[in-house]
Amino acid sequence: MIRITGLRHRLVDIPDLAVDARHIAVIGPNGSGKTTLLAVCSGIEEPCAGTVRLLGRPPSAVKVGWVGEFPDRTLLFSRVYDEIASTPRFRHHPCRETDERVKAAAGTVGITHLLDAKVSALSGGEKALVALAAACVDDPEVLILDEADSHLDGVTAERVGRVVRESTAAHVLWCTQSMDTAAEADYVLFMEDGLVRHHGTPEEVFARLEETCFYPTMWRVRR
Amino acid sequence: MRVDIKDLLFSRGSFTLRGSGTFDAGVHLVSGPVGSGKSTLALLLAELLRPGSGAVRRHGVSSALLLLQFPEHHITCPTVAQEAGSWGLAPEDVLARADLAGRADDDPFHLSRGELKRLTLACTVMRNPDLLMLDEPFSSLDCTAKRKACRMIEERDEGITIIFSHERAVLPRVDTLWEMEGGTLTACGSVPRAIPRWRHAPPYLRYALEEGARPENIRLQDAREAVCRTHG
């Protein structure tokens, strides 16, 4: 359960919201407060007012995996292996276990061939995949992705979708500009001007967006 | 006006980029998977990288600009208005075009990523160079902004425009399709005849073709609407 009460932070204003779904898509125009909401839910930012509870706890007490919208800003280490290994190392896992986890995460995301590469030599999409592997490596309870798919081609984006579906996280908060991706979520939040304008199942939310370009292309085509 | 690339070869580690071809006036779309070399080709065409062998030759091109994939890499000034001014453009015109009225005095890094992309895209297109190269111009944009970006690109009535993108939902009127795969550039040809050969075609185009749509009746910018009408 994700529960938001009296939240006010920058332009985001959410009086009361409780979501019990696993895969939650956050959509809306640029500048509508999606990133701010995700930053508060991840515990990266403390809200000015109000509370967020993930699984009944404050975000700081939850293992959160985070993939930011600016991969260059979140990657800390110069070698891909060290970047993915950072979370298990910071949590003092034994070296052998860390090594196994890094290789497993890289395999799942499909970047085993990049483990020895320098982060600076990667393409934009590859950086997003490294950030995803680093976020998943220590089995987060909540996985938060901020437009991680905006740097990815269709085939790679489908692979990310599979990684997200198969992750053991209890909740996945995924902000995306691909409405076809959002349509596959269990629950959708549509944000506008800092407010949650619509929320519900994809069917419920997109029914209210049918006259806008936010309606999923494949739904329009297949209808 | 044209750009020729001849036996272009560029290597870095185990990655090798190869390509030959001619980019004539018009709108070109280079698509391909992550890490296939799209951004590297953009840097080579912009002459920001030097090829190992082969050459990029520009004919009749007096100005060229590359929009970088990550908009934050363009920023050199502390306010949005000064940033627009640093491109040699009138800030009020840029802000109007990028839908950022009222944000003139904001720090560019306080914009959302989509807003920052709108700013750098507006600056690049408004400079109106002979050779305009756009690396992932649609990433991070919402669907309204993507359509507006398409219109800005289509309003360029001359010059060479090369778009490097994996965008699948919203595309401008494209004249020529190219694909990058594993570092190799392949010309698919002119739209619409090239569409059946286009391996990275958006899902709705593939669906239309599978449903029997004739490629010569498909125009990219209105493919979505056309497909909807046939099923309407």
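Trainee: At about what angle to E5(A) does H5(A) run, where this helix lies across E5 and strand E6 (142–146) of chain A?

Mentor: This is a predicted model in which local features need pLDDT of at least 70 and side-chain atom pairs count only at pLDDT 80 or more, while totals for chains, interfaces and linings use all residues. Residues are numbered from 1 along each chain as its sequence is written, and chains are lettered from A and ligands numbered from 1 in the order in which they are written. Helices (H or I, at least four residues) and strands (E, at least two) are DSSP runs numbered from the N terminus, and axes are lines fitted to C-alpha atoms, for helices over the stretch in contact, with angles from 0 to 180 degrees between N-to-C directions. Helix H5(A) lies across E5 and E6 of chain A, and its angle to E5(A) is about 175°.

Trainee: How many of the 13 residues of H5(A) are buried?

Mentor: H5(A) covers residues 124–136 and reaches 19 Å from its first C-alpha to its last, close to the 18 Å expected, where the expected span is 1.5 Å times one less than the number of residues. A residue is buried if 20 or more other C-beta atoms, placed from the backbone, lie within 10 Å of its own, exposed if 12 or fewer do, and partly exposed in between. By that count the helix is mostly covered, and the number of its residues that are buried is 13 of 13.

Trainee: In the open sheet of six strands in chain A, which strands stand at the edges?

Mentor: Two strands pair if DSSP finds at least two bridges between them, and in this sheet the order is E5-E6-E7-E3-E8-E9, with mixed pairing. Within the sheet, E3(A) and strand E7 (residues 171–175) pair in the parallel sense over four bridges, one of them involving A:Val26 and its partner A:Cys175. A strand with a single partner has one side left without a neighbour in the sheet, so the edges are held by strand E5 (64–67) and strand E9 (195–200) of chain A.

Trainee: Where does A:Asn30 lie, and which residues of chain B does A:Asn30 touch?

Mentor: A:Asn30 sits in the loop between strand E3 (23–27) and helix H1 (34–42) of chain A, and it counts as buried because 21 other C-beta atoms lie within 10 Å. Two residues are in contact if their C-beta atoms, placed from the backbone, lie within 7 Å. Leaving aside residues up to four places away in sequence, A:Asn30 touches B:Ser112, B:Gly114, B:Glu115, B:Leu141, B:Asp142 and B:Ala145.

Trainee: Which helix gives the most to the side of chain B that touches chain A?

Mentor: The contact takes 33 residues from chain B and 29 residues from chain A. Helix H4 (113–127), helix H5 (143–154), helix H6 (203–210) and helix H7 (223–230) of chain B each supply at least two residues of the chain B side. With four residues, the helix that gives the most is H5(B).

Trainee: Which residue in the turn of the hairpin of E8(B) and E9(B) has a positive phi?

Mentor: Strand E8 (residues 176–181) of chain B is mostly covered, with five of its six residues buried, and E8(B) pairs with strand E9 (residues 184–190) in the antiparallel sense over six bridges. The hairpin has two residues between its strands, and B:Glu181 has B:Thr184 as its bridge partner. The turn residue with a positive phi, about 55°, is B:Gly182.

Trainee: Is A:Asp139 buried or partly exposed?

Mentor: A:Asp139 lies in the loop between H5 and E6 of chain A, and its phi is positive, about 45°, although it is not a glycine. Because 14 C-beta neighbours lie inside 10 Å, A:Asp139 counts as partly exposed.
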